[in-house]
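Dear colleague,

Please find below the structure that I am handing over to you, followed by a short account of what was found in it.

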2 protein chains.
Amino acid sequence: VRIVVNGHPREARAVQWEDDAVLAVDQRMLPDRVALARLETVDAVADAIRTMIVRGAPTIGATAAYGMALAAIAGEDLAASRAKLAASRPTARDLFAALAHMDLALAHGRDPLAAASGYADDVVARCVAIGEHGLDAIPDGARVLTHCHAGALAAVDVGTALAPIRLAHASGRHVFAWVDETRPRLQGRITAWELAGEGIPHALIADNAAGHFMARGEVDVVIVGADRIAANGDVANKIGTYTKAVLAQRHGIPFYVAAPRTTFDAATRTGADIPIEERDAGELGGGTARNPAFDVTPAGLVTGYVTEAGILRPEDLKRSTGLAAAWTREP
Amino acid sequence: VRIVVNGHPREARAVQWEDDAVLAVDQRMLPDRVALARLETVDAVADAIRTMIVRGAPTIGATAAYGMALAAIAGEDLAASRAKLAASRPTARDLFAALAHMDLALAHGRDPLAAASGYADDVVARCVAIGEHGLDAIPDGARVLTHCHAGALAAVDVGTALAPIRLAHASGRHVFAWVDETRPRLQGRITAWELAGEGIPHALIADNAAGHFMARGEVDVVIVGADRIAANGDVANKIGTYTKAVLAQRHGIPFYVAAPRTTFDAATRTGADIPIEERDAGELGGGTARNPAFDVTPAGLVTGYVTEAGILRPEDLKRSTGLAAAWTREP
């Protein structure tokens, strides 16, 4: 994405390698303030994931890959480094996919930085393909609702749920985006900021308002990202996603989940097996509170999974003993 | 409610008459700061309603009644005063019920203050009865979800949706309240503050999280207030209420609407005829936004209406040509 840091415009990915360190766009103060965080140690990388300097499953994965590269280049204990990164956040599947990718690369003696950069580049390539396949879900004139932030900063670049919206707009289709504010962390503001940057018509709404606009017939399709997709197609994504899926079903609105292969987890049987992170009550202003960061949307509420290999239907997942058979090639 | 203002504890209603003026609890900074607003003119009263110093349909109604008393005592133009108050907020039925009550009282030469105070006392008496009838909806051990703020400050005193929860707790039943944060104005924090003041176990949650806890079987019943109930039983209430009703239906959870007779509007045929206030985008932090303050929950999603005359079923409303026949006595 194009950002302006201290008055200087530049292009940046959500996370990248620059001057011997991991450079991440600090998403905590967006859209009010754009800053870059320079992460020079594995501890700093794990902290950046935990404190949500970086967000979004694909970006979290790429950040962890770069973290392992940092550790390998510095000659640190790889097992300990891996453990720190694996413990940073529990839900995003991509974190573990990235660590597995780095395990394999380092075990085979590949260059650590090339392996991490390759992982990040691959995420971007997958997002581009997701955008192309997702175009089928966005007819001209579509009013698309999205939840949380599944844009460029959430997926290294380009984005998952936002990829087809971007491409639809760029290819001349009329598209309008309803942007859930997404409490408690208000990631919708980042989504709105990305859309505004590309001149895509949109409106930010309270999470409470999505049902109202659906009931009025003003929402044509829902597209969200995912943090982990179980073998049976159940989807863990930002808290509130399940609610939007239930509302979409009631109103006969197609509900799509856009995610790269790295978000699918054949080893997790159903949504009930996905660990759901519970974050600090302070995110809700304190007091006695409960604050789950994710929820599970059952496969039965999903119209299709927009992947780099095309749009998969829940039946496609059910037909195999897991997801593996739904993919034609290994990562 | 018991409040502490500038270090001095005192009892206060949401709105009352004191020293020749209308005294309202300023709800804008709650729960962080408790302040009282002294309203000495009809303009100040209308502003207090518009700027949400006072909130909640029954409190808005009582505030308007006191506003008319102010106007009558000061010898101001009653029609102009009424018009100012009627234009303050469009959705709450109680505002218009209170103005009609004052029209009649003043036309019959009743003492303006006695008429307004009588209206306010009547609201409290209705809330007490709502609490008693609502007990049937809250079995021992119930985990009750509520949306927005339908507590003492929303209904002069005692509250509507919170009345049965309070009474259940006071009568020794175990009751736990899930409190929707209720963006954009975060009225859930006021609900949590009222519950904490009475030692009622509760947890504040993001609006996005209600579906998650329902899916986990941790919500037994939903009780909300209402701003206006149409003749067919459709309910206008704080934005997000409809979403909670849809979720409750999916999970087989009873969904109750607690409201006094003054919230029922026989003259409004269906929810589609209820004007929905759209507030400033600034409440969402600015940018391009849409911000409806209310939504409509169709009668088909309502298990029962907890009123001062007992729990009415949607069928009770349908059996009559409107609501009138569902009531055994006039206001």
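The contact between the two chains takes 44 residues from chain A and 44 residues from chain B. Please keep in mind that this is a predicted model. The area buried between chain A and chain B is about 3200 Å², and carbon and sulfur atoms give 56% of that area. On the side of chain A, the residues that lose the most area to chain B are A:Asn208, A:Arg250 and A:Arg290, which together account for 21% of what that side buries.

Between chain A and chain B, 18 residue pairs are in polar contact. Helix α9(A) gives the most to the side of chain A that touches chain B, with seven residues. That side divides into 21 nonpolar, 13 polar and ten charged residues. Three salt bridges are found across the interface; one of them joins B:Glu181 to A:Arg183, with the closest N and O atoms 2.1 Å apart.

Over all chains, the count comes to 47 salt bridges. Among them is the pair A:Arg228 and A:Asp265, at 3.1 Å from N to O. A:Arg228 lies in strand β10 and A:Asp265 in strand β13 of chain A, so this pair ties together parts that are 37 residues apart in sequence. Both of these residues, A:Arg228 and A:Asp265, are buried.

In chain B, B:Asp122 and B:Arg126 meet in a salt bridge of 2.7 Å, N to O. Both lie in helix α5 of chain B, four residues apart, about one turn of the helix. B:Asp122 is partly exposed, at 32% relative accessible area, whereas B:Arg126 is buried, at 6%.

Yours sincerely

Notes. Residues numbered from 1 in each chain as written. Chains lettered and ligands numbered in written order. Predicted model: local features only at pLDDT ≥ 70, side-chain atom pairs only at ≥ 80, totals over all residues. Heavy atoms only, no water. Contact = heavy atoms within 4.5 Å. Buried area = accessible area lost by both parts, 1.4 Å probe. Salt bridge = Lys/Arg side-chain N within 4 Å of Asp/Glu carboxyl O. Polar contact = N/O pair within 3.5 Å; in protein donor to acceptor, adjacent residues only side chain to side chain. Helix = DSSP H or I, 4+ residues; strand = E, 2+ residues; numbered from the N terminus. Nonpolar A, V, L, I, M, F, W, Y, C, P; charged D, E, K, R; others polar. Buried < 20%, exposed > 50% of the residue type's maximum accessible area, 1.4 Å probe, protein only.
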